[in-house]
Amino acid sequence: MLPKSKIKYYSALKLKKHRTLENLFIVEGKRIVEEALNSDTKVELVIATNSFAEANSDWLESINSNFAVEVTDDTGFRKIADTNSPQGILCIARINTQQLEKPESNLNYIYLENISDPGNLGTIFRSCAWFNFNNILLSTGCADPYNPKVVRSSMGAIFNLNIFEHIDLPALKTQNSFNHNLYVADLDGADVNETKFSGDKILVFCNEAFGPTSELLACNPQIVTIPKAGMGESLNVSAASAIILNAAANNI
């Protein structure tokens with residue numbers, strides 16, 4: 001049985017300051033836990049409720065030889081879990097902190113500028129993994145990629161991405177010149193369906209309410225947009241990113 005001190009310790013990981021301090025994050029739900037266990041992510045501990053352990057004894061036994069497993073009661077588990085109706089299974093994983101001096105040649109990147117909604121960020125991660133854009137640059141204004149809602153929304157995609165945080169792309173371009181072509185999604189630009197995504201590239205998606213910053217636009221990117229065939233003010237950034245990623249993937 002997981003002691004109260006450990007329950008308190010792991011429940012604190014729901015807060016960003018504790019995730020940063022301990023370099024750990026919570027992965028909740030059986031499917032996403034399985035994704036973590038099958039990836040290169042370092043899993044520190046698997047935690048299950050008594051009822052989940054009884055119903056999934058064979059599965060827990062199969063992972064027990066490779067990962068530490070602890071069982072606790074429903075009350076203790078709910079203190080750690082982030083969802084209102086937890087499935088009874090989660091794991092504690094280590095954050096893989098990565099540094100970036102400048103974008104590397106022969107690699108494509110996604111730069112996310114001020115994407116503050118955790119659900120949008122996780123969904124964009126999911127699309128990036130699907131279209132094989134696996135190198136993700138996040139501005140300081142983005143949501144924490146290890147927020148439990150981001151992790152859940154990514155549906156496990158986060159474990160297959162190289163994530164670089166606190167990236168100021170305009171400053172990076174000024175300080176360390178690189179030859180990647182910049183393509184920024186916005187409402188007024190070239191038709192994405194007629195755009196040739198050439199060479200090493202960085203696709204940029206921005207906060208849908210404010211659009212790209214003036215500093216980003218000063219980098220002289222190519223602006224691309226999704227033509228509107230019906231009605232509406234704009235597309236949700238996660239939906240728009242999937243459409244543009246598809247167009248770019250078909251041009252690689």
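Me: What is L112 in contact with, leaving aside its neighbours within four places in sequence?

Reply: L112 is in contact with L121, I124, F125, I136, L137, L138, S139, C142 and F205, once neighbours within four places in sequence are left aside. Contact here means heavy atoms within 4.5 Å.

Me: Before I go on, what kind of model is this?

Reply: It's a predicted model: local features need pLDDT of at least 70, side-chain atom pairs count only at pLDDT 80 or more, and totals for chains, interfaces and linings use all residues. Residues are numbered from 1 along each chain as its sequence is written, and side-chain values use heavy atoms, with hydrogens and water left out.

Me: OK. Which residues have the most contacts inside the largest nonpolar core?

Reply: V27, I110, L112, F125, I136, L203 and F205 have the most contacts inside that core, which has 51 residues. Helix α11 gives the most to this core, with 5 residues. Apart from it lies another core of 17 residues, among them F178, L182, V204 and C219. A nonpolar core is a set of buried Ala, Val, Leu, Ile, Met, Phe, Trp, Tyr and Cys residues joined through side-chain atoms within 4.5 Å. Buried means under 20% relative accessible area, exposed means over 50%, and partly exposed is in between, using a 1.4 Å probe and protein chains only.

Me: Switching to the sheet, what order do its 6 strands have?

Reply: The order is β7-β6-β5-β9-β8-β10, in an open sheet with parallel pairing. β7 (162-164) and β10 (222-225) stand at the edges with a single partner strand each, so one side of each is left without a neighbour in the sheet. Neighbouring strands are turned by 30 degrees against each other on average, direction ignored. For the terms: helices (H or I, at least four residues) and strands (E, at least two) are DSSP runs numbered from the N terminus, and two strands pair if DSSP finds at least two bridges between them.

Me: How many bridges join β5 to β9 and β6?

Reply: β5 and β9 pair over 5 bridges, with E113 opposite C206 in β9. β5 and β6 pair over 3 bridges, and I110 stands opposite I136 in β6.

Me: Which way do the β5 side chains go?

Reply: Y109, Y111 and E113 point one way from β5, while I110 and L112 point the other way, and all are buried. β5 is mostly covered, with 5 of its 5 residues buried.

Me: And what about the bridges from β8 to β9 and β10, how many are there?

Reply: 4 bridges join β8 to β9, running parallel, and V184 stands opposite V204 in β9. β8 and β10 pair in the parallel sense over 5 bridges, with D191 opposite T225 in β10.

Me: Which strands does helix α11 lie across?

Reply: α11 (residues 237-249) lies across β5 (109-113), β8 (181-191), β9 (201-206) and β10, at about 165 degrees to β9. Axes are lines fitted to C-alpha atoms, for helices over the stretch in contact, and angles run from 0 to 180 degrees between N-to-C directions.

Me: Is V224 buried or exposed?

Reply: V224 counts as buried because its relative accessibility is 1%. V224 lies in strand β10. Leaving aside neighbours within four places in sequence, V224 is in contact with Y183, V184, A185, D186, G189, A190, T195 and I244.

Me: And S127, what does that touch?

Reply: S127 touches A242 and L245, not counting residues up to four places away in sequence. S127 sits in helix α7 (residues 118-130) and counts as buried at 11% relative accessibility.

Me: Now the largest pocket, what volume does it have?

Reply: The volume is about 500 Å³. Its lining has 27 residues, of which D186, L187, S234, L235 and A240 lie nearest the centre. The largest share of the lining, 4 residues, comes from α11. On a 1 Å grid over the protein atoms alone, a pocket is an open set of points where a 1.4 Å probe fits, with protein on both sides within 12 Å along at least five of seven lines, and lining residues have an atom within 4 Å of a point. Grid points are joined across faces, edges and corners, and the volume is the space filled by probe spheres set on the points.

Me: Last one: where is N106 found?

Reply: N106 is in the loop between β4 (89-94) and β5. N106 is exposed, with a relative accessible area of 71%, and its phi is near 70 degrees, a positive value in a residue other than glycine.
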